[in-house]
Amino acid sequence: KKVNIDFEPFKPINTSLYLCDNKFHVEALEELLQADSRFGFIVMDGAGCLYGALSGNSREVLHQFSVDLPKKHGRGGQSAQRFGRIREEKRHHYMRKVAETAVQMFIANDKCNVVGIILAGSAEFKNDLLKSDLFDQRLATRVVKTVDVSYGGESGFDQAINLSQEYLDNVKFIQEKKLISKYFDEIAQDTGKVVYGVDDTLKALDAGAVETLIVWENLDVNRFVFRNAEGGEVERFMNSIQEKERSNFVDKQTGMDLELVSKDPMLEWLAEVYKQRGANLEFITDNSSEGSQFVKGFGGIGGMLRWQLDMAQLEDEDENDLYYEDDDYF
């Protein structure tokens, strides 16, 4: 019996790979799972304009059009003035079209649909657009960088991405630092609107109180679902150290072994249920000093709450329903 299972990636893969090996190569798929912000690109020169979007390693050309602008005229007298007026009028119409099309590409439901916009081009077109009153202010405030490129069209788009790479690499790092700093500020101000550790965070999540759920991307915790002798389900969360202790697989009331129903990484489970609990999910790394402190000092998982919670009131009547000791993690 031969079974063939096909998976369609939720984002396009810009990599072609043909290998004969003794293992599966899923590096390109792993890159798709990284949380990436979407950036807009406007590449303009005297020949036309291109609108593109970049999310992670996936680039997309949204729209492009060409234009035929008159060159500077070398004749003197009235002829030069007339050609100069015609040239300025056509440049103005071109600038207006670029600005209006930018609204169509990057504004949805009266909101900017990208976290940042990068203007690229040769000559002064990009700078003139940024200064122009024609350029929607909702977009102008999202311009994060301007770059000089030697080409227009898709070649200029690729060059703009390469020239902006250092900035793009730093964006997630900066956003992560801001997020965790806000979390630490809530703790410092003693607002009572933060939780940390697996146990308290999950209780607050079940109560619908978590507004932003913060999780370390390498959190070493699995979710176990067991069945006890009475047929009821028991849910426990354990790290790799706790999994080696047999007592964690025993019904604490009867002393009998629990039947394993399923075992899944906690990260995957959270990715499936966080929306049902009304929370926003943010994965962080330990690359920054703030991230490292969050992982080492708070167990790598926590949340910012919509309202204050008395965690003592959320204690489960049956502790077997949720088992995790934060002290065992470190």
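## The four-stranded sheet

An open sheet of 4 strands has the order S8-S14-S9-S13 with mixed pairing, where strands are DSSP runs (E, at least two residues), helices are runs of H or I of at least four residues, and both are numbered from the N terminus. Two strands count as paired if DSSP finds at least two bridges between them. S8 and S13 are the edge strands, each pairing on one side only. Direction ignored, neighbouring strands of this sheet are turned by 20° against each other on average; axes here are lines fitted to C-alpha atoms, for helices over the stretch in contact, and angles run from 0 to 180 degrees between N-to-C directions.

S8 and S14 run antiparallel and are joined by 3 bridges; Val194 has Met304 as its bridge partner in S14. The model is predicted, so that local features need pLDDT of at least 70 and side-chain atom pairs count only at pLDDT 80 or more, whereas totals for chains, interfaces and linings use all residues. Residues are numbered from 1 along each chain as its sequence is written, and side-chain values use heavy atoms, with hydrogens and water left out.

## Helices around the sheet

H5 packs on the sheet, touching S8, S9, S13 and S14, and its direction makes about 70° with that of S14; contact means heavy atoms within 4.5 Å. Helix H7 (residues 266–273) lies across S9, S13 and S14 and runs at about 155° to S9.

In helix H8 (residues 289–298), the buried residues are Glu290, Gly291, Ser292, Phe294, Val295 and Phe298, with buried meaning under 20% relative accessible area, exposed over 50%, and partly exposed in between (1.4 Å probe, protein chains only). Their cover includes helix H5 (153–188) together with strands S8 (194–196), S9 (210–216), S13 (280–284) and S14 (301–305). Gly299, which follows H8, has a positive phi near 80°.

## Nonpolar cores

The largest nonpolar core has 24 residues, and those with the most contacts inside it are Ile42, Tyr51, Val98, Leu129 and Phe135; such a core is a set of buried Ala, Val, Leu, Ile, Met, Phe, Trp, Tyr and Cys residues joined through side-chain atoms within 4.5 Å. At least two residues of this core come from each of strand S1 (38–45), strand S2 (48–55), helix H2 (77–106), strand S6 (116–121), helix H3 (125–131) and helix H4 (137–140). H2 gives the most to this core, with 7 residues. Apart from it lies another core, of 23 residues, among them Val195, Leu219, Leu267 and Leu305.

## Loop residues

The loop between H5 and S8 holds Thr191, which counts as buried at 18% relative accessibility. The side chains of Thr191 and Glu186 are joined by a polar contact of 2.6 Å, a term for a pair of N or O atoms within 3.5 Å of which, within protein, one must be able to donate a hydrogen and the other to accept it, residues adjacent in sequence counting only if both atoms are side-chain atoms.

Asp190 lies in the loop between H5 and S8 and is exposed, with a relative accessible area of 66%; its phi is positive, near 55°. Asp110, in the loop between strand S4 (107–108) and strand S5 (111–112), likewise has a positive phi, of about 65°. Most residues other than glycine have a negative phi.

## Cysteines

The structure holds 0 disulfides, a disulfide being a pair of cysteine sulfur atoms within 2.5 Å. Cys20 is exposed, with a relative accessible area of 72%, whereas Cys112 is buried at 17%.
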